[in-house]
Amino acid sequence: MVNDNSDKTSKDKWDSNRKSKLGLVFWASTIIILVAAIFAAAIPESFQTGSEALYAWIANYFSWFFMIAVFGFAVFLLFLALSPYGRIKLGGDQSMPEFSFRSWIGMLFSAGLGVGLVFFGVAEPMSHYMVSPFLGGGTESVEAARMAMGYSFFHWGISQWSIFGVAGLAIGYNQYRKQKDGLVSTSLEPLLGSDYNKKARKTIDILAVIATVTGMATSVGLGILQMDGGLNIAFGIPSGPLTQIILTALMTGLFILSTTTGLKRGIKWLSNLNMLLAAVITIFVMAVGPFTFIMESIIVGLGDYLSNYVGYSLRMQPYSGEVWVQEWTVFYWAWVIAWSPFIGSFVARVSRGRTIREYVLGILIIPPMLSFIWIGALGGTAIYSDLFNGTNIGALVLEDDTAALFALYDQLPLTQILSALSILLIFTFLVTSADSATFIVAGMTSGNTEAPATKLKIIWGVLIGTLTVTLIIAGGLTSLQAASLLAGLPFGVVLIAMIASVSKSLRREPNEAMRRRTHKAQKESSN
C-alpha cells in the first residue's frame, strides 16, 4: 500500500515535520471527529439512538440517490474505456507504467481484498440464504442459495469498484497528467476554475478527510468486532468492550511503530503476508470443502450477477415499504463512497502511466473476480453445509454476524489453526490499511500529498483508533453504518462533480493524445 518512498534520517523527518502547515482543513476535520468521539463516549445510549434515527432518515430519503449515482459511475467508466478517451494516459503521452503488469495486478489484489470482504464473505450469502432479499422469497432452499450467491456477487462486483474508479481517475488524471497535487479540491478545478473560492476548496477537502476517516473507522470497527467474536468462539477469550479496546490499541500501536521507523519493507512484508494468508485459507477451504459445488456456484453466481446487474443496480422498494435494499445495498454504497478518497488515491498512484482503458478495465475486472472466488469458496462452503449437511451456520449468523466465518470453521478440519490464521489476516489487513489511509489523510490535511509529515500520520492513526472504539461502544454496527451513510451522502455529490470535472478536461485533450498506439508501444506498455 502507500508509504514513504525512502527511509529518512532523523533530521530529514524533523525538517519535514517543521515545514508542514496545519490549516483549516486539519483543525476543522480534527475538531469534528473529536467531538463525535467525545459524544459517543460520554453519552453512548443517546448516541446510539441518534445514530439509528440518522441512519433511518438518510436511508429513507436518499436511497434513490445512492442507487442511481453508483449505477451512473459504472456507465461513465465503461464509456470512457470503450471510447477514444480510453487511450489517454494517466501521465504524459510518452509516460510508461511505473509498475510492471504483474506488480500492478498484485497491488490491485491487495486493495481488492480487505477487512470488509473477510467480514462479509460468509455473513452476507448466509444472511440472504436465511432472509430473502425479495418480499415473499424462499429461504433455506436451493433457490435461496442461488439468490444469495448472485446478490453477494453484485455487492462486491463492478458497482463497488466503479466508485473507487471515479475517485481515482479524477485524482490521478490531475495529479499525473496535469502535474498538480492529489487533493480532491484540486481535481475539481477544471469544473470550477483554478482560482475558485478558497472556502469551497477547504470545505471539499474537509469532506474528503471526514469521509476517509469514517470509512476507515467503519472498516476497522468491523474487523475488531469480528476478531473479538472469533477469539471468543475459537479460544474462549471473553468478548466485549475491553477486548475490543485492547485489539484497537494493538493495531494502532503496530501502525505507529511502522510509521515512525519508516519500515517500508515491514509494511510490504505485511501486505505480502495478507495475500499469502488469504490464498492459503481460500485454497484450503476449496480443497477440504465441496470443490465441485464451489466452482459451479461461482459460475452460476457470475451468470446470475451479469443477467441481473441493471435490475439490482436500480432496485428500490417503494411499493412494499420493505427496507432490505437500504440495509444492504445502500449501506454498502455509502460505505464505499466514504472509502473512495483513500482507495481512489491508492489505485491512481499504482496506475500511473497506464491508459484510462487499462485502468478502468483493470479495476473493474480483477478485484471483483478475486472477491467472487473468496465468496464462492467460503460462502459457498457454508451454504453447502447448511443445505446438504443439516448444519446451523445460517441461524448462528442471524444471531451474530461477527461469528459467521468462525461458525464455518467449526465444520472444517484444523478449526483452531484456520481461526488463528483468519484473526491474523484481519489484524494485518487493518494495520496495512490504517498505515495507508493515514498517509492519504495526512497529505490531505497538510497539502503535501507526496510525503506528509510523520507526526501527522501518527495523529490521524490515533484519531481513527479513538473514533473506532467510541463508535463500537456507543452502538456497534449501527453506529458504524450511520457514520458511513452520513459521510457518504455529501461526498457522493463530490464524486458526481469529479465526473463533470474530468469529463470537461478530457474534451480539451488534443487528438494526438487519443491516437491509436502501435503494437510495439502497446507491448512495451504492458511489460
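## Rings and helices in a predicted model

In this predicted model, Arg315 is placed over the face of the ring of Phe134, and the distance from the ring centre is 4.0 Å.

A pair of aromatic rings is described by how far apart the centres are and by the angle of the planes. One of the pairs joins Phe120 and Trp156, which are tilted, with 6.5 Å from centre to centre and 45 degrees between the planes. Because Phe120 belongs to helix α5 (residues 115-130) while Trp156 sits in the loop between α6 (142-155) and α7 (158-177), the pair ties together parts that are 36 residues apart in sequence. Both Phe120 and Trp156 are buried.

The protein as a whole contains 21 helices and zero strands. Among the helices is α3 (residues 44-82), which spans only 50 Å between its end C-alpha atoms, whereas a straight helix of 39 residues would span 57 Å at 1.5 Å a residue. Helix α3 also has a kink of about 65 degrees, centred on Phe62.

The table gathers some values for the whole protein.

| Property | Value |
|---|---|
| Residues that count as buried, of the 527 residues | 59% |
| Contacts with a separation of 6 or more that join residues 24 or more positions apart | 84% |

Terms used
Residues are numbered from 1 along each chain as its sequence is written. This is a predicted model: local features need pLDDT of at least 70, side-chain atom pairs count only at pLDDT 80 or more; totals for chains, interfaces and linings use all residues. Side-chain values use heavy atoms; hydrogens and water are left out. Rings of Phe, Tyr and Trp (its six-membered ring) pair if their centres lie within 6.5 Å; planes under 30 degrees apart count as stacked, over 60 as edge-to-face and the rest as tilted. Helices (H or I, at least four residues) and strands (E, at least two) are DSSP runs, numbered from the N terminus. Buried means under 20% relative accessible area, exposed over 50%, partly exposed in between (1.4 Å probe, protein chains only). A charge sits over a ring if NZ of Lys or CZ of Arg is within 6 Å of the ring centre and within 35 degrees of the ring normal. Contact means heavy atoms within 4.5 Å. The expected span of a helix is 1.5 Å times one less than its number of residues. The bend at a residue is the angle between axes fitted to the seven residues ending there and the seven starting there.
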